[in-house]
Structure formats: C-alpha cells, structure tokens
Amino acid sequence: MWQFFHKLGSPKWFYGIAGRFMPWLLGLGLVLSLAGIVWGLAFAPQDYLQGNSYRIIFIHVPTAFLAQSVYMMMAVAGVITLVWKMKLADVFVRAAAPVGAILTVLALFTGAVWGKPTWGTWWIWDARLTSMLILLFLYLGIIGLSHAYSDEKTAARAVAVLTVVGVVNIPIIKYSVNWWNTLHQPATFKLTEKPTMVPEMWVPLLLAVLGTYLLFGWVSLYRMQTEVLRRERRTRWVKDVIAAGGGSQLKSGGA
Amino acid sequence: MAFDSFSAFIIMEGHGPYVWTCYGVFFLLMALITWLSVRDRRRVVRTQQREQTVASPGQTDTVRNERTGGGFQRIPTSQSESISKS
Amino acid sequence: MTEPLQHADHLLRAEGLECERDGRTLFSDLSFSIVPGTLTRVEGPNGSGKTTLLRILAGLNDNWSGQVYWCGQPRQKHWDLVRRNVLYLGHRPGIKMLLTPLENLQALVAGRQQVPGRVLGQALEQVGIGPWSHVPCGQLSAGQKRRVALARLLFADEPVWLLDEAFTALDVDAVAAVERLLEDRVRQGGAVVMTTHHEPAMQGMRRIRLGGAGEQGPVTRAVGEVD
Amino acid sequence: MGQQQSLSITVLDPVTTSPGLFQSMVAVLQRDLRLSIRQKQDLLNPLLFFVMVVALFPLGVSPESEFLKEAGAGILWVGALLATLLSLDHLFRFDYEDGTLEQMALQPQPLFVLVLAKTLAHWLATGLPLVILTPMLGMMLFLDGNSVAILCLTLLIGTPVLSLIGSVGAALTVGLRAGGVLLSLLVIPLYIPVLIFGTGTVMAAAGGSDVSGHLALMAAMLMLAVILAPLAAAAALKISLSAS
C-alpha cells in the first residue's frame with residue numbers, strides 16, 4: 001500500500017502510466033457519450049409532459065453530475081495534499097479546476113435554455129440551478145486563489161484548505177437552498193425530477209453520464225501530464241521526453 | 001427513430017432551437033477545453049525545447065561570475081558630468 | 001525535561017536541509033547543530049536565504065526538505081516543546097504602532113512566559129526607553145522601536161534565540177550593549193543563532209555560510225563551519 | 001575552555017512554565033480590543049457602511065412602507081453581511097505585516113485557540129455594534145417590534161458565524177497584496193446559508209410560525225463554525241506565513 005503511494009508520488013511513473021490509460025479513456029468515452037447523445041436525441045421517445053425539450057437532459061445531467069463530482073474529487077485531493085503532501089494530488093486540483101468550472105457553466109446554461117420552453121423564462125430561482133450557481137462561485141474562488149500566489153507549493157496548500165472548507169459547506173448550502181426554495185415558492189415543476197423514466201430514456205442518459213466521466217478522466221490526465229512536465233522540466237527524464245518531441249502532440253502517450 | 005423525417009428531427013416541434021443551442025454550446029465548450037489543454041501542452045514543450053537547445057555547458061560558469069556582490073559604482077550620465085565640470 | 005543542559009547536548013540539529021524558493025534552490029545538503037553556549041552567525045549575500053534558514057529553524061517555514069531534530073528527536077513530535085524553548089525575533093518583531101512600549105512588551109510575552117509587570121518596566125529602563133514607556137510606539141524612532149523589541153532579551157528564558165537582523169537601526173552604543181548581552185547569555189549556556197550585516201566582535205563565533213544562488217540554480221553548497 | 005560543569009540554562013517544560021490557554025486568549029483579546037479602540041476609524045467604518053447601504057434601498061428601490069416591510073429583514077441582513085466582509089481584510093493583515101502573527105504562531109499554545117480569540121475580538125468590534133444598531137434601522141424600514149426582536153436575535157447568532165467563516169478567507173488571502181477582492185469572492189458563497197437561515201427565520205416569524213427550531217438550527221451552525229473555522233484559519237495562516 002505504502003509502496004503504491006510512494007510510486008504514485010513519482011511524477012515519472014505517473015506520466016508513463018497515464019499515457020497508457022489515456023487512449024482507452026478517450027476512445028471509450030467518445031463512443032459511450034456519442035452513443036448516449038445520438039440515442040437520446042434521435043431515438044428516445046418523446047416526453048409526454050415536456051415534449052422534445054427534455055432531450056437537453058442528455059447533456060444537462062451529465063455535466064451537472066460531473067461538475068459536482070469534480071468538486072468532491074478536488075476536495076479529496078485537497079485532503080491528500082494537506083495530510084500526505086503528495087504532489088500529484090495538487091497537480092490534479094490544478095488540472096481539474098478549470099474543467100470543473102466549464103462543466104458548471106454548461107450545466108447552468110443548459111438548465112437555463114431548458115427552462116425557457118418549460119417555465120417560459122430563461123432563469124428561475126430553482127433550487128438546483130441556484131445550487132449550481134453557488135458551485136460556480138466556489139470554482140471561481142478556487143481558480144482565483146490558485147493564480148494569486150506566485151509560489152506553487154503555497155498555492156497548492158491554500159487551495160487545498162479552501163476546497164476542504166468548501167466541501168464541508170456544500171451539504172449545508174444544498175440544504176439551505178432547498179429550504180429557501182420551499183419557503184418562497186410552493187413546489188414547482190422540477191426539470192429533472194421524474195417519477196418514472198422508461199428504459200429508452202434512462203439507458204442513453206446513463207451512457208452519456210459514463211461517457212462524460214471517462215472523457216473527464218482523459219482530459220484531466222492529459223492536463224496533469226502537462227503540469228508534471230512543466231514542474232519537472234529540470235529533470236533528466238523530462239528532458240528526454242521533450243527531446244523526443246513526444247510531449248508536443250495531442251496523442252502523447254498514444255491516444 | 002422517434003421522428004418521422006429529418007426536418008421533424010431538426011425542428012423538434014418548435015423545441016429545436018433550444019435543444020440544438022444546448023448541444024451546440026456543449027460541443028463548443030468541450031472543444032474549448034481540449035483546445036486549451038493542447039495549447040498549454042504545446043507551450044510547455046516549446047519553451048522547454050527552446051531552453052534545451054540554447055543551454056550550453058559554459059553557461060553556468062558565467063552566471064556564477066556575474067552574481068558576485070555588485071560594486072555599486074555610479075553610472076555617469078550627461079547631466080552629472082556637466083555638474084562636475086561646472 | 002528540566003535537568004540542566006550539558007555542553008554536549010544538541011539543542012537543534014539540521015540534517016540535509018534543502019530549500020527551494022520560486023523554482024530556485026537557496027541551499028541544499030545543509031547540516032549543522034546548535035549546541036548550548038554557542039553563538040552562530042548565518043552569513044551570506046543578499047538573497048542567499050539567511051532569513052529563510054532562521055524561519056525554518058523557528059518552524060515558520062514549511063517549504064523545505066531534510067530533517068530537523070530537537071534534543072535528538074525529530075522536531076515534529078515535540079512542537080509544543082520547541083515553540084516554548086526557541087525564541088525567534090524577526091526583522092519585523094511584532095511592535096504595534098498604536099500601543100505603548102509597555103503594552104507591546106506585555107502582549108508579546110503574555111503567551112510565553114509569566115513575567116511580573118515590574119520586570120517589564122525595568123527592561124524598558126535598561127534599553128533606554130524608560131521615559132517613553134507610555135508613549136505610542138508610532139511616535140518613536142526606528143532605533144527606539146528596535147530597542148523595545150530587544151527588551152524581551154533581558155528576561156527571555158528560552159535556551160535558543162534566533163535573531164534576524166537584530167542590530168538594524170541601532171546606534172553604535174546600543175550595538176555594543178546588545179553584543180555584550182549576547183555574550184553573557186552564551187557564557188551562561190544559551191545558544192544564539194543570528195544574522196547581522198556588520199561583523200560582530202565576538203569570540204568563539206560559529207559560522208554557517210550560505211553561498212547564495214544565481215539565477216540558474218544552486219551555485220554553491222552551504223557548509224556549516226566553526227572558526 | 002574548562003566549562004564541563006552543568007550550565008545554568010534548562011530546557012523549559014511548556015506546561016509548567018508558560019501561561020495557560022485561557023490567559024493567552026485573554027491577552028490576545030485585550031490587545032486587539034485595545035487596538036480597535038485606538039483605531040477608531042476602523043471601528044466606525046463598517047458601521048457607517050452598514051447605515052449607508054441600508055439607506056440606499058429606500059432611495060434606490062422604493063420608500064413605500066409595504067416594500068420596506070417586506071424586504072427590511074433581507075436588506076438589514078445583506079447590509080450586515082457586506083459590512084462584515086468590508087472589515088475582514090484587516091483581521092490578520094496588520095498582524096501579518098508587523099510580525100505579530102509570526103510571534104503568535106510560535107507561541108506554545110495551539111494557534112487555533114489564539115485565532116478564536118482574535119475572531120471574538122473582531123466580532124466584538126464589528127458584529128456586535130451592527131446588532132446594536134439594527135433596531136434603529138429596523139424602525140426606519142417600518143419593521144414591527146416582533147420582527148425587529150427576531151431579526152436582532154438572528155443577527156446575534158449569525159454575525160459571529162460571519163466573522164468565523166470570514167477568518168478562514170482572511171487567513172488565506174493575508175499574504176496577498178490585493179487580497180481584498182479575492183477575499184470577498186472566496187467568502188460570499190460560504191455566507192449564503194447563514195443569510196438564508198437568518199432572513200428565513202425572520203420571515204417565518206412574520207408569518208406567525210414558531211421559530212425556535214430555526215434558531216436552534218442557526219445555533220448549530222454557530223457551534224460548527226466555532227469548532228471548525230479556527231482550525232481551518234490556523235492552517236491557512238501557517239501556509240501564508242510559510243510563504244513570506
């Protein structure tokens with residue numbers, strides 16, 4: 001166990017192993033998410049209440065799920081940074097934060113556009129959308145803080161503290177926003193809450209969710225590789241990688 | 001296929017613009033993430049390649065010599081010279 | 001833990017210290033020990049990491065690798081002991097402009113040491129601040145503020161003192177007086193580690209030389225050597 | 001040198017030779033309160049800001065008593081939140097710049113205990129005066145007596161939470177030159193639950209329901225913040241100090 005941890009701490013080992021996983025993640029992720037999306041868009045039956053606008057679910061739910069899980073993953077990485085001072089955990093936070101923020105923006109955007117035909121307005125202070133908006137604020141805070149420090153180690157540890165504080169707050173925020181929502185508007189029509197969903201609807205949704213998770217895995221590994229190359233640029237092995245030119249292509253590591 | 005024709009698929013009974021905007025923005029932002037990541041990688045690799053070709057063995061020695069103390073010698077400017085002459 | 005110290009005891013011991021800052025190595029493979037009854041001067045040009053080294057010894061800086069021992073045991077197991085037994089005076093010594101010298105001194109020692117108010121007054125007298133002990137420090141000169149900060153040394157009981165640029169802004173007489181104070185302390189068995197810009201005239205001084213690093217990385221290795 | 005006999009200096013036991021936790025907390029509290037009293041502008045600015053922000057709503061939206069009655073609790077809560085936010089940047093900054101923070105971090109007591117004392121001092125100097133000013137502003141916004149009482153109660157429980165959560169943000173940004181704006185960005189999302197429960201409680205009370213449950217919930221938040229925030233802030237301060 002400890003040896004594995006130690007190995008995981010070695011940037012060179014990580015660079016190699018990530019390169020081996022990445023093609024699979026990219027390929028499988030593309031196949032699954034495209035299959036889910038095409039199925040959902042063209043073949044899944046119409047929703048009897050919302051009509052065709054519900055087809056936005058096949059990207060809204062994956063991005064919303066992923067945006068929240070990425071924050072959780074960052075918090076776990078934050079704990080690892082603080083307790084074991086493992087460099088790769090911090091590399092992950094740096095690589096994942098912008099992706100998480102973009103996913104949150106996507107979830108908000110698709111939610112708003114979906115809202116127009118459903119509610120008649122672009123924005124509604126619905127509990128889910130409001131929580132997503134607050135999540136976006138949390139992401140922006142993390143990105144802002146990580147760029148504010150000139151020293152990488154300091155930035156890493158400060159961001160780790162912030163993600164951990166944020167993750168303690170997330171359940172409180174969710175609970176309070178839900179409560180606030182019931183206080184102000186008696187239970188309205190919720191976008192994604194459906195009592196029954198036929199398999200022709202949820203199977204493509206599941207495929208799309210799985211696919212985006214795999215794609216996130218690919219892009220975060222790729223970005224982590226970049227960060228590792230940058231940080232370890234003075235070491236022998238990075239110089240060899242660079243000299244071979246292998247790092248410059250998108251398919252570094254063979255995608 | 002849940003639609004009778006291709007045009008029905010595009011129009012989606014009036015919901016087409018909403019659905020297609022969402023998917024458009026989704027693919028656009030996904031492409032943006034990928035493009036940003038690739039650009040970052042290129043940038044790191046390129047600056048590193050430049051440094052590696054420029055770096056030569058003699059370099060560190062000159063740096064070592066340059067960084068001793070500093071003599072705090074005044075730098076003559078035209079103004080200060082004219083003052084000293086007058 | 002209260003038996004008297006022996007000369008041979010290693011109060012603080014550093015092994016293989018390495019510190020990197022903003023991608024540049026300040027020092028590497030630095031090993032030395034601080035024993036009772038010695039005065040050690042950390043030397044090196046501007047930017048060579050003198051202050052950083054003192055902050056690492058005090059436990060303020062975490063961005064380093066290597067090992068530091070307190071009385072022979074890894075320091076991280078005895079943080080409360082280390083904090084109580086090591087006095088660190090930075091070049092910004094925690095003097096509040098809005099407080100009087102007496103209030104400043106009171107607040108600074110309040111968490112470390114039980115000192116009667118009478119002693120604080122005496123210490124301020126001894127550093128020549130007596131007449132101003134009830135004037136806000138903002139009205140004092142830089143040298144006078146430094147004297148207020150150094151007044152702590154007149155009653156501090158920590159075995160290890162880490163002094164960063166303690167002589168800054170002091171006049172010639174005050175510098176000589178502080179040097180005498182440190183020499184007395186060392187004779188009693190205290191250990192003093194300090195950085196100064198002038199060469200103090202003190203006997204038996206040990207030196208830790210930091211080479212200073214150029215833009216391109218480590219240029220010299222630091223060695224602790226004894227004169 | 002012939003000095004082989006024992007020395008007169010001993011290694012000190014932190015438990016018996018240094019003042020206790022409570023005593024050191026009192027010392028920190030005393031110093032900070034003294035400084036607040038001498039730096040009167042810092043004490044007054046958040047209060048003036050609070051009054052002015054509240055005055056902007058009748059001017060900017062509507063002076064009608066119906067609107068103000070409806071929105072009064074929210075306005076006062078947002079005003080108090082912003083005033084607290086404004087004062088946060090100073091919580092550790094001066095101590096960081098003059099070296100006091102280093103000395104605190106090196107005291108034998110755990111740093112989070114001293115941070116708790118500092119946060120308490122901050123609340124006494126900003127949060128409490130805001131609560132005291134609230135009844136007057138509440139009257140000006142046409143809130144009835146019962147609502148004002150509940151509002152003051154929620155602020156009394158809520159403003160310490162604001163100070164505590166804020167201390168984490170202040171500790172994270174203390175080493176940054178332009179930390180003030182970033183601090184707001186970090187802290188506001190974490191303030192949202194406090195705001196929701198604070199105003200929600202007043203609204204529930206105005207609606208005639210029993211609010212003891214709501215108040216208990218807010219008290220639970222305060223407890224959680226008292227336990228966790230100083231730990232996080234102390235960790236963040238050590239990180240900031242380590243970088244200086």
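**Exercise 1.** Find what share of the contacts in chain D with a separation of 6 or more is accounted for by residues 24 or more positions apart.

*Solution.* Start from the meaning of a contact, which requires that the C-beta atoms of two residues, placed from the backbone, lie within 7 Å. Among the contacts in chain D with a separation of 6 or more, residues 24 or more positions apart account for 81%. The model is a predicted one, in which local features need pLDDT of at least 70 and side-chain atom pairs count only at pLDDT 80 or more, while totals for chains, interfaces and linings use all residues. Residues are numbered from 1 along each chain as its sequence is written, and chains are lettered from A and ligands numbered from 1 in the order in which they are written.

**Exercise 2.** Determine how the axes of H4(D) and H9(D) cross.

*Solution.* Helices are DSSP runs (H or I, at least four residues), numbered from the N terminus. The axes, which are lines fitted to C-alpha atoms over the stretch in contact, with angles running from 0 to 180 degrees between N-to-C directions, come within 10 Å for H4 (residues 65-88) and H9 (residues 179-206) of chain D and cross at roughly 150 degrees. H4(D) is therefore roughly antiparallel to H9(D), a term for angles over 145 degrees.

**Exercise 3.** State which element gives the most to the side of chain D that touches chain A.

*Solution.* In this interface, 22 residues of chain D are in contact with 25 residues of chain A. On the side of chain D, H9(D) gives the most, with 12 residues.

Notes. Helix = DSSP H or I, 4+ residues; strand = E, 2+ residues; numbered from the N terminus. Parallel < 35°, antiparallel > 145°, perpendicular 65-115°, else oblique.
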